[in-house]
Amino acid sequence: MNFTMTPTKDQITGERIDRLMTVEIRPLNGGLPAGYVQPMYEVCRAHHGEPLSSLAARRLGESLSKNDVVFIATGAGTPPNLPQGETDGPVGAAVLARALILAFDVRVVLVTEDAHLAPVAAVADVINNELMGLGKDSPVSTACFPLGIEGGREVASALMHEYRPRAVVFVERDGPNKEGYFHGVRGDCRNPEDVGHVYLLAELARRSGVLTVGVGDGGNEVGFGAVRDAITAVHPLGAKSHAGHASGVVTVTATDVVVSASVSNWGAYGIAAALAAQVENIRVLHYQELEHRLIEATVNAGARDGATSRAEVAVDGINWEGHTAFVELLRSIVAVALGS
């Protein structure tokens, strides 16, 4: 641990969560070369100077009060391989929504683009059904962006005006490069008119002094603009755009806090775990059976594994059993923190 002063219990817990969420077990073939996860995390860690999960949790706790609104934006992937998006993103957004509601009694709007609505709405339904059993009346709703920047500007402005969120979080949501083009982490380019410009919420929020948090696993996602040059320098493929854009694949869209994880869902779970420790309530973090149910709900609604493009109950090439085991390890970290 690189703490200049005696670390607090929250910092120690955050350190443990961060180490777990950056375990690299994504597939060895077909994606990025191995060895990117830790350098990317170290860039973000150096930028913030403390564990990322506990930092994000603390900043959210400082910003939120009962009945406040939080936007959580998600949804990644385009046709033909991922026509309704991937399983990484919506599940993490739903888990974090649940955590924020249980910790602070806020309302959450899951924001996505039209093509990704079905999986996002599916996880919102799962969370709402569970929370209604706890006496909370459908606190998660959804909102959609159309394709293209002009429609995106209108929707972003309207959503910020209508809801006046106190925090805007992005979980596995692509942002544009300097030339305004969107990329997958391996360099494939997406036409700006074929993408929902959800990242505009980050720009409006930061202008208004609203907390922004970005969670990602590749550098092309909203948030990494805060550390863009350093992320580009450690990218194993040089962050090059297959379309020849000089600025490469790393986004220019920054957030106040950027959380880098091996899988974006895991970054969101890490924040939820840190919240559970900070508010001293392990129920704030979800559990194994709910993890499986959420992944399954996205697949049934049309999402696919982002690593394999298969319609199977998996995320980033890791089977559901791996993800439920990850959740249980997080719960162990929180349980130890609460018992100390």
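User: Which residue does arginine 98 form a salt bridge with?

Analyst: This is a predicted model, where local features need pLDDT of at least 70, side-chain atom pairs count only at pLDDT 80 or more, and totals for chains, interfaces and linings use all residues. Residues are numbered from 1 along each chain as its sequence is written, and side-chain values use heavy atoms, with hydrogens and water left out. A salt bridge here is a side-chain nitrogen of Lys or Arg within 4 Å of a carboxyl oxygen of Asp or Glu. With the closest N and O atoms 2.8 Å apart, the partner of arginine 98 is glutamate 130.

User: Okay, and how many residues apart in sequence are the parts that this pair ties together?

Analyst: Helices are DSSP runs of H or I with at least four residues, strands are runs of E with at least two, and both are numbered from the N terminus. Arginine 98 sits in helix α4 and glutamate 130 in helix α5 (residues 117-132), so the parts tied together are 32 residues apart.

User: Are arginine 98 and glutamate 130 buried or exposed?

Analyst: Buried means under 20% relative accessible area, exposed over 50%, and partly exposed in between (1.4 Å probe, protein chains only). On that scale, arginine 98 and glutamate 130 are both buried.

User: How many salt bridges does a search of the whole structure find?

Analyst: Some of them form a network, which links Glu15, Arg19 and Arg45. Over the whole structure, the search turns up 15.

User: Switching to helices, how many nonpolar residues does the contact of α6 with α7 have?

Analyst: Contact means heavy atoms within 4.5 Å, and the contact is made by Ile149, Gly152, Arg153, Ala156, Ser157 and Met160 of α6 with Leu200, Leu201, Leu204 and Ala205 of α7. Ala, Val, Leu, Ile, Met, Phe, Trp, Tyr, Cys and Pro count as nonpolar, Asp, Glu, Lys and Arg as charged, and the others, Gly among them, as polar. That gives 2 polar, 1 charged and, for the class you asked about, 7 nonpolar residues.
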